[in-house]
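Me: I have a sequence and a model to go through. Can we take it by questions?

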Amino acid sequence: MNVTMILLRIIHIFAGVFWAGTTFFFVSFLEPTLTATAPESNKVMGYLTQRTRYVTTLGITAPLVALTGLIMYWRVFGWLALNSAAGWGFTLGGLAGLAAVLVGLFMARPATLKMGAVAKQIQAAGGPPSPEQMAQMKALGERLSSAARLTAILLTLALLGMSAARYLG
């Protein structure tokens, strides 16, 4: 029995389910709701980014999924596993997952943090948002939406590749 691989796999799967589930929920339900209810949704986004662990949790979970996946990949395959269909499935799925991490770290996270800061400014002012703040929130929302959709696509590819890899032949 390989306890290390079992623990890595458990962490990888549970963190991956959380990351993918959160992403799919955001893209499918939360983002369209926030868009439809703006500017009132600025309060929700402000609360989500400033008073919960949403951004921090995703900032830890996504790299944790990548790290555990890379360790397992290395332990099973070594450098690159392109000599089998299963190896290709894990490699392509892993690359899609790594790309999703990068999109999250360099597109989604900064947009989310900036949205939270602007929402905090709006709340501190105590009145309705200024036209400049509305324009800023709209631009950040569009960037976050694009990043989230790209992340969802990449995670779908990662899930397809990794869940089917063993059975590709």
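Me: Which residues does W19 touch, not counting residues up to four places away in sequence?
Reply: This is a predicted model, where local features need pLDDT of at least 70, side-chain atom pairs count only at pLDDT 80 or more, and totals for chains, interfaces and linings use all residues. Residues are numbered from 1 along each chain as its sequence is written, and side-chain values use heavy atoms, with hydrogens and water left out. Contact means heavy atoms within 4.5 Å. On that basis W19 touches L58, T61, A62, V65, G97, A100, V101, T151 and L155.

Me: Is F18 buried, partly exposed or exposed?
Reply: F18 sits in helix α1. It touches T57, L58 and T61, leaving out residues up to four places away in sequence. F18 has 39% relative accessibility, so it counts as partly exposed.

Me: How is α2 oriented to α4?
Reply: Axes are lines fitted to C-alpha atoms, for helices over the stretch in contact, and angles run from 0 to 180 degrees between N-to-C directions. The axes of α2 (residues 41-50) and α4 (residues 85-125) come within 8 Å and cross at roughly 120°. Under 35 degrees is roughly parallel, over 145 roughly antiparallel, 65 to 115 roughly perpendicular, and the rest oblique. Therefore α2 is to α4 oblique.

Me: How is α4 oriented to α5?
Reply: Their axes are 8 Å apart. The helices pack at an angle of about 160°. That makes α4 to α5 roughly antiparallel.

Me: How many nonpolar residues does the contact of α4 with α5 have?
Reply: Ala, Val, Leu, Ile, Met, Phe, Trp, Tyr, Cys and Pro count as nonpolar, Asp, Glu, Lys and Arg as charged, and the others, Gly among them, as polar. The contact has 12 polar and 2 charged residues. Its nonpolar residues number 23.

How values were computed
Helices (H or I, at least four residues) and strands (E, at least two) are DSSP runs, numbered from the N terminus. Buried means under 20% relative accessible area, exposed over 50%, partly exposed in between (1.4 Å probe, protein chains only).
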